[in-house]
Amino acid sequence: MSGLAIDLRRTYLIARRDYLGYVRTWGFWVSFLLPFVLGGLAFLASISDLDFQPIRYETILDETGQHAASMLALEQADDKRQERRVLEETARLLLSEANQQVLLEHFDAGGREAALAFFETRYPGATRHVKLPERKTRFIDPPAQTLEGLQPFLRGEKHVVFKGERVSLNGVLHIYHDENGALKANYWSENFNNLTVQNMAYNYFRTRATEAYLRSGGLTSEGLEAVRRGTLDINVFDPSKTRSGSADSQVVTMVDRVPFFVAAILAGILWLSIFSGAYMLLTSMLEEKLNKLLEMMLASTRFSEIMVGKLLGVAALTLTAMLPYVLIGIGGSVAVLLFADPDTAAGLRAALNARMLIFFFVFLILGYVFYGAFFIGLGALANSMQDAQTLTTPIILVLTACLMIVPYGLANPDAPLLEFAVWFPLSAPFANIVRLPSDPPLWEIALSAIFLGLFALSVIFLAGRVFRYGILSGAGVQGLKAWFVRRILRRRS
């Protein structure tokens, strides 16, 4: 790199110029405030019980007279199972084990109203916490007994009365036998993309066919369900866990699984931060080159000061742009620690340990410098946005491929490919973060960070040479190609 000496004041001015150049734009603040606005709207919608899905009024025209009542009964039973499951999950968080059982007994005997009344006596304000599912489809009696007679209602020319209110008929499920005696079901609706009734009919006839098949062999659906409930549960044990007493102390719980999920999220954040920062460096460099601003800056500033200043300025800008997501992540983590079940909270505490946080910031800095120097060099070579897109496509593909190591590393933490990715500089930042929950030797992670730092310094040096070549000579990709042919291949271009 030309001139290792760096004037701190000039470097600061370049970093400040790059930082404020983006921060002063309206687009930056729109992007910065958007997560807070969307999060606030989502929170208001959740506490206001807003529901934007309209109620649909449907009917079943069953010419066979054998299926409509059974279909609606099956749907009501499914609704009740969903309500019971929600009540059970909510009660597990708010009530004692004895009260949980009593609550479910009230529900089985008197339905949702009886269960909510009991819930309110044991936990005042429970109705604000219990969000029971509400089906948005209302089934009404057919206003006409033929499909032709229902057509005006489907087209909106006529209305039906439901509980004293005139409403539109949104759809008709027509069940009949064709001329060959085969059972058929058609669905008529202008909103044919709504699959609620279609799925309901499909589930009903599939259940009916299953029961008929079981009866043909002397079996029952209740017996099948009992077999499914009695299926053997498979517990997972980790032999590397310290055993204290029984073998149950080595069973894998959420405490063991959460750190891997957290590592995957942090690796994704790392990738997003590195990519966004490096790409902003490219666009900033290209814009100043095309506007001849770099030539003016070089009259009073060294190459090294411009590069370091840009790296610092865009780094500060990236941290500022990521701040809303950082704050949301901190708020979500606090909520999990305070309100989630004990195993999940304990797993999160285990995941956010000192080693994870320290190496996350270490690899964030090293990865940003490594890729940022790459993009600065490419920006110096590009003579147009088309050039820049052509040059950056391979690096973007490499970055995307490196991100694919995250799900692979979660499923195969001891795979040779992951061990290679830890030492390969392009994938080292992400692979090391994913590997941390497996508790690798500290010296491996530290040595990988040192290697990545050395590679980053090498890339900075090479980027400085490319920067000087591309800016001073005005050469771009074609010039670099000609230099390679002339100096490396020893041929005349």
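Student: Is T318 buried or exposed?
Tutor: T318 is buried, because its relative accessible area is 6% and buried means under 20%. Keep in mind that this is a predicted model.

Student: Where does T318 sit?
Tutor: In helix 10. That helix covers residues 303–339.

Student: And what is T318 in contact with, leaving aside neighbours within four places in sequence?
Tutor: S273, S276, G277 and M280.

Student: Staying with helix 10, how do its axis and that of helix 11 cross?
Tutor: The two axes come within 7 Å and cross at roughly 135°. Helix 11 is residues 342–351.

Student: Left-handed or right-handed?
Tutor: Helix 10 passes helix 11 in a left-handed crossing.

Student: Which residues meet there?
Tutor: From helix 10, S333, V336 and L337. On the helix 11 side they meet T344, A345, L348 and R349.

Student: Switching to rings. How many aromatic pairs are there?
Tutor: The count comes to eight aromatic pairs. One of them is F370 with Y371, which is edge-to-face. Their centres are 5.5 Å apart, with 85° between the planes.

Student: Are those two buried or exposed?
Tutor: Both F370 and Y371 are buried.

Student: What about F420 and F424, how do they pair?
Tutor: They are stacked, because the planes are at 20° and stacked means under 30 degrees. The ring centres lie 5.5 Å apart.

Student: Now charges. What sits over the ring of F107?
Tutor: The charged end of K80 does. The distance to the ring centre is 5.7 Å.

Student: Zooming out, how many helices and strands does the protein have?
Tutor: It has 18 helices and six strands.

Student: And what share of the residues counts as buried?
Tutor: 36% of the 493 residues.

Student: Last one. Of the contacts with a separation of 6 or more, what share is between residues 24 or more positions apart?
Tutor: Such pairs account for 71% of those contacts.

Key:
Residues numbered from 1 in each chain as written. Predicted model: local features only at pLDDT ≥ 70, side-chain atom pairs only at ≥ 80, totals over all residues. Heavy atoms only, no water. Phe/Tyr/Trp six-rings, centres within 6.5 Å; stacked < 30°, edge-to-face > 60°. Buried < 20%, exposed > 50% of the residue type's maximum accessible area, 1.4 Å probe, protein only. Lys NZ or Arg CZ within 6 Å of the ring centre and 35° of its normal. Axes fitted to C-alpha atoms, helices over the stretch in contact; angles between N-to-C directions. Helix = DSSP H or I, 4+ residues; strand = E, 2+ residues; numbered from the N terminus. Left-handed = near helix turned anticlockwise from the far one by under 90°. Contact = heavy atoms within 4.5 Å.
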